[in-house]
Amino acid sequence: MRKPILAVMLAALAGPLVAQTSPPISNDLTVDMSPQQYRICNDRPARPTWMDEINPREAYKARTLMRLYELRSWEAIKSSGDCGCNIRFPPWDAASAEYEERFATSTQAEHTQARLALRDQQNQIAREVQDICEAQGAW
């Protein structure tokens, strides 16, 4: 008899505690269109519009361009020794032009291989870039 009573008392005491620690629930489904805030470099250049409007089945194209963009910016950081916002987040024009020249007509499988190769190149300089950016408080 003691065990059921003890269990009921414990459950009665735990209810208010659970209610206090639960996250608030909201019915608000309003979309917040304010610009995303980053820890560093909030004035980043906008991505090419086609990347945001692309069919989900072709998202691999946008992923390839993003990988290429990041690799080129990391190479610029390594060569200049500077991790300033204008070097870390340059305009998309050069990466877009290179993408159009090298990858625009590639198949999905070729994009996958290209992304792997770009990632390997990026991994080779990652430690140096991270050290430069950490020293400047921008990692």
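The model is predicted, so local features need pLDDT of at least 70 and side-chain atom pairs count only at pLDDT 80 or more, while totals for chains, interfaces and linings use all residues. Residues are numbered from 1 along each chain as its sequence is written, and side-chain values use heavy atoms, without hydrogens and water.

Let's start with the charged pairs. A search of the whole structure finds 7 salt bridges, each a side-chain nitrogen of Lys or Arg within 4 Å of a carboxyl oxygen of Asp or Glu. One of them joins Arg 47 to Asp 52, with the closest N and O atoms 2.3 Å apart. Arg 47 is partly exposed at 34% relative accessibility, and Asp 52 is exposed at 52%; here buried means under 20% relative accessible area, exposed over 50%, and partly exposed in between (1.4 Å probe, protein chains only). Glu 58 also pairs with Lys 61 in a salt bridge, at 3.6 Å from N to O. Glu 58 is partly exposed at 33%, whereas Lys 61 is buried at 17%.

Another salt bridge, between Glu 128 and Lys 78, has an N to O distance of 3.8 Å. This pair links distant parts of the chain, 50 residues apart, with Glu 128 in helix H6 and Lys 78 in helix H3; helices are DSSP runs (H or I, at least four residues) numbered from the N terminus.

Now turn to Arg 115, also found in helix H6 (residues 108-135). Arg 115 is buried without a salt bridge, and Glu 110, the nearest side chain of opposite charge, is 11 Å away.

How values were computed
Helix = DSSP H or I, 4+ residues; strand = E, 2+ residues; numbered from the N terminus. Lys, Arg positive; Asp, Glu negative; His and termini not counted.
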